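The points are grouped by topic.

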Amino acid sequence: MDIETRGDSRLLDTYLENLSAPKTYKDPEAIAKFLAIKKSEARKGMSLDPDFAEILCIGIKELGKEGKLLSLAEFADWLKIKDEDGLMNLSKKMITFNGKQFDLPIIIRAGIKAGLNLPYDVLKERCDKYSKNHIDLMQELAVGFGNYKSLDKYLQIYLGVKKVTIDFDTATEDEIRKHCLDDISLTEKLFNKFKPLFV
């Protein structure tokens with residue numbers, strides 16, 4: 001699973017509410033330049049903040065199957081779907097890269113903002129560092145506390161593959177969606193490489 005986000009434009013004024021130049025800035029032009037830079041950086045900051053982010057799409061891929069993109073509301077419905085064995089998607093093990101600190105906290109906050117009926121207790125449990133139902137490859141592959149590497153770095157080291165990077169500031173929504181599908185596919189490949197650790 002992977003999500004793509006952007007800053008929630010409805011909350012831009014709230015995000016910038018207390019923005020001011022440092023007291024050491026005296027020149028009006030320098031102050032204006034500082035504020036302009038901070039405002040231009042706001043969208044990126046908002047897209048990474050669980051309270052200010054808006055979900056563009058949620059990528060879901062069952063191992064060995066085709067990936068698909070869902071909206072937050074579609075994701076809420078997808079969690080309740082049962083497979084041929086009668087297991088709800090919600091009960092299946094989740095595999096992410098940085099999902100415990102990024103994806104799930106944003107899904108939880110976005111769901112609450114939207115008033116959706118999500119299984120918040122289950123999602124919150126899966127944010128726990130020791131959750132047995134969620135394999136967060138970023139945490140699992142780190143050697144030592146906080147020694148995290150990016151998905152791209154692991155892909156280069158262990159699979160000889162480099163992620164295609166995109167500029168989120170200029171990318172179209174279609175490009176971002178494709179990026180999400182690529183990420184879930186690459187996360188699956190990395191998981192398969194390290195699968196002996198999780199059997």
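Helices (H or I, at least four residues) and strands (E, at least two) are DSSP runs, numbered from the N terminus. By that numbering, helix 8 is the element that contributes most to the lining of the second largest pocket, with three residues. The model is predicted. The protein chain holds eight helices and five strands.

**Overall fold**

- In sequence order, the elements of the protein chain run β-α-α-β-β-α-β-α-α-β-α-α-α.
- Along the principal axes, the C-alpha atoms of the protein chain fill a box of roughly 65 × 40 × 35 Å.

**Helix 7 against helix 8**

- Helix 7 spans residues 151-159 and helix 8 spans residues 173-193. Their axes come within 10 Å and cross at roughly 50 degrees.
- Angles under 35 degrees count as roughly parallel and those from 65 to 115 as roughly perpendicular, so helix 7 and helix 8 are oblique to each other.
- The crossing of helix 7 with helix 8 is left-handed.
- On the helix 7 side, the contact is made by Leu 151, Tyr 154, Leu 155, Tyr 158 and Leu 159. On the helix 8 side, Asp 183, Leu 186, Thr 187, Lys 189, Leu 190 and Lys 193 meet them.
- By class, the residues of this contact between helix 7 and helix 8 are seven nonpolar, one polar and three charged.

**Largest pocket**

- The largest pocket contains about 920 Å³ of space.
- The largest pocket is lined by 34 residues, of which Glu 4, Leu 48, Phe 102, Phe 168 and His 179 are the closest to its centre.
- Two or more lining residues come from each of strand 1 (2-7), helix 2 (28-47), helix 4 (99-114), helix 7 and helix 8.
- Strand 1 supplies the largest share of the lining of the largest pocket, six residues.
- The lining of the largest pocket divides into 13 nonpolar, nine polar and twelve charged residues.

**Second largest pocket**

- The volume of the second largest pocket is about 400 Å³.
- Its lining has 17 residues, and the closest to the centre of the second largest pocket are Lys 61, Glu 62, Lys 93, Met 94 and Ile 95.
- Helix 3 (72-80), strand 4 (94-96) and helix 8 each give two or more residues to the lining of the second largest pocket.
- Nine nonpolar, two polar and six charged residues make up the lining of the second largest pocket.

**Backbone**

- Asn 98, a residue other than glycine, has a positive phi, near 70 degrees.
- Asn 98 lies in the loop between strand 4 and helix 4.

Technical notes. Residues numbered from 1 in each chain as written. Predicted model: local features only at pLDDT ≥ 70, side-chain atom pairs only at ≥ 80, totals over all residues. Heavy atoms only, no water. Axes fitted to C-alpha atoms, helices over the stretch in contact; angles between N-to-C directions. Parallel < 35°, antiparallel > 145°, perpendicular 65-115°, else oblique. Left-handed = near helix turned anticlockwise from the far one by under 90°. Contact = heavy atoms within 4.5 Å. Nonpolar A, V, L, I, M, F, W, Y, C, P; charged D, E, K, R; others polar. 1 Å grid on protein atoms, 1.4 Å probe; cavity = no way out; pocket = protein on both sides within 12 Å on 5 of 7 lines; lining within 4 Å. Points joined across faces, edges and corners; volume = space filled by probe spheres on them.
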